Each structure stands twice: as C-alpha cells, then as structure tokens.
Amino acid sequence: MLSIDPAANTERENYKLLTGSIIPRPIAFVTSLSDDGTLNGAPFSYFNIVTANPPMISVSVQRSEGNQKDTARNISSLKEFVVHIVDHDNVEKINITAANLQPDQSEIELAQLTPIKSSRIAVPGITEAKVRMECVLERVIELGGDDSPACDLIIGKIVQFHVEKSIYEKGRINPDGLGAVSRLAGNDYARVGELFSIERPI
C-alpha cells in the first residue's frame with residue numbers, strides 16, 4: 001500500500017486523492033441572491049447533513065485564489081439560500097450552471113431553469129428539483145489556506161422542505177423516484193445502483 005504525505009503534495013494532487021476516494025458524493029444545487037437581486041445558482045459536491053435536530057446541512061464552497069465565490073458571498077450577505085438535490089432528470093441543466101459567469105449574470109437564466117418563489121425566505125428555488133430545502137444561514141467558517149482562507153464552510157438551518165408528492169411515501173423519500181446522482185472524479189457521475197440492507201447491531 002502507498003503511503004502519501006499530503007504536505008508533500010500540491011493542492012491539485014490532494015484534490016485528486018480526495019475526489020477519487022471519497023465517492024459517491026451527493027450534489028447540492030444552491031440558489032442565492034446577490035445584493036443587486038441577481039439569482040445565482042451553482043452545484044457543489046462538498047455537501048452533507050450536519051444534524052437533524054434542528055435539521056442542518058453543510059456546503060463547502062472552495063475559494064479562487066483566496067476570493068469568495070458568488071454563492072458564499074451572497075449567502076454571507078443575505079443569510080438565506082436554497083439547496084436542491086441534483087437528480088438524473090436535471091443534472092444536465094445543473095451542469096451548465098457550473099460555468100464561470102460575472103456576478104450580475106444568472107446561471108439560472110443561462111441553463112433555462114425555472115425559478116419558483118420560496119415559502120419562508122426571499123431566495124427563489126427552481127421547479128426542476130424533486131427536493132428543495134429553504135435554508136437560513138447558521139454559520140460561515142473560513143478554513144484552510146496559508147495566507148488567506150481556501151474555502152467557506154457554510155452551515156444552514158432548513159426552515160422549509162419541499163418534496164415532490166410522487167416520491168414521498170409514509171414519511172420517507174423513495175430513492176428510485178428521487179433518482180439522485182452523485183459526483184465521482186473528473187467528469188464522472190453515478191446513479192444510485194443496487195440497493196442492499198444490513199441490520200445494525202442492537
């Protein structure tokens with residue numbers, strides 16, 4: 001087995017080890033509003049659950065040469081955002097939103113996604129997702145980097161769930177109906193494959 005010291009690696013080498021090993025990763029499509037009212041949308045695969053009491057999620061937004069991305073800057077300012085689950089029906093349009101646009105340009109318009117008004121916050125969501133979560137900002141934690149932070153770890157509290165009726169069964173979400181896709185490395189994605197169950201020890 002190889003033993004690799006991350007301190008001896010470049011950032012890109014560590015990135016390849018992480019994204020190739022920690023798979024599959026769920027993908028959050030995050031909408032946020034800029035100060036001028038532009039609806040921003042971007043996908044992030046550094047995303048997961050934090051706690052269910054209260055329901056909270058985390059999204060890590062990597063910086064570019066120490067500069068905050070639009071999503072992190074917008075959320076830090078307005079303190080609201082919407083997280084959508086990326087699925088095999090919307091992944092191609094969501095992929096378009098990864099384009100580098102100016103802050104006053106909307107990825108939602110570029111990808112021809114359909115905004116929908118939120119119930120509890122000012123930031124709209126999109127109708128193309130089967131699950132979306134309206135969030136208020138709990139905390140932004142600046143992490144990493146030598147001279148300046150390398151990422152903004154955003155923790156949000158969910159204040160409203162929206163779930164498509166057809167995939168909601170007895171309080172649970174049907175994984176086949178949701179059809180969530182996950183991020184692998186490079187340009188590769190994966191769908192939920194064969195399901196199996198293992199009982200946990202008592």
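Colleague: Which helices and strands each supply at least two residues of the lining of the largest pocket?

Modeller: Helix 1 (11-21), helix 2 (70-78), helix 3 (91-96), strand 3 (39-44) and strand 5 (55-62) each do. Mind that this is a predicted model: local features need pLDDT of at least 70, side-chain atom pairs count only at pLDDT 80 or more, and totals for chains, interfaces and linings use all residues. Residues are numbered from 1 along each chain as its sequence is written, and side-chain values use heavy atoms, without hydrogens and water.

Colleague: Why is something called a pocket and not a cavity?

Modeller: On a 1 Å grid over the protein atoms alone, a cavity's points fit a 1.4 Å probe that cannot get out, whereas a pocket is an open set with protein on both sides within 12 Å along at least five of seven lines. Lining residues have an atom within 4 Å of a point. Here 43 residues line the largest pocket, with Phe-44, Val-61, Gln-62, Arg-63 and Lys-69 nearest its centre.

Colleague: What is the makeup of that lining by class?

Modeller: There are 17 nonpolar, 16 polar and ten charged residues. Nonpolar is Ala, Val, Leu, Ile, Met, Phe, Trp, Tyr, Cys and Pro; charged is Asp, Glu, Lys and Arg; the others, Gly among them, are polar. The second largest pocket's lining has 24 nonpolar, four polar and one charged, with strand 4 giving the largest share, five residues.

Terms used:
Helix = DSSP H or I, 4+ residues; strand = E, 2+ residues; numbered from the N terminus.
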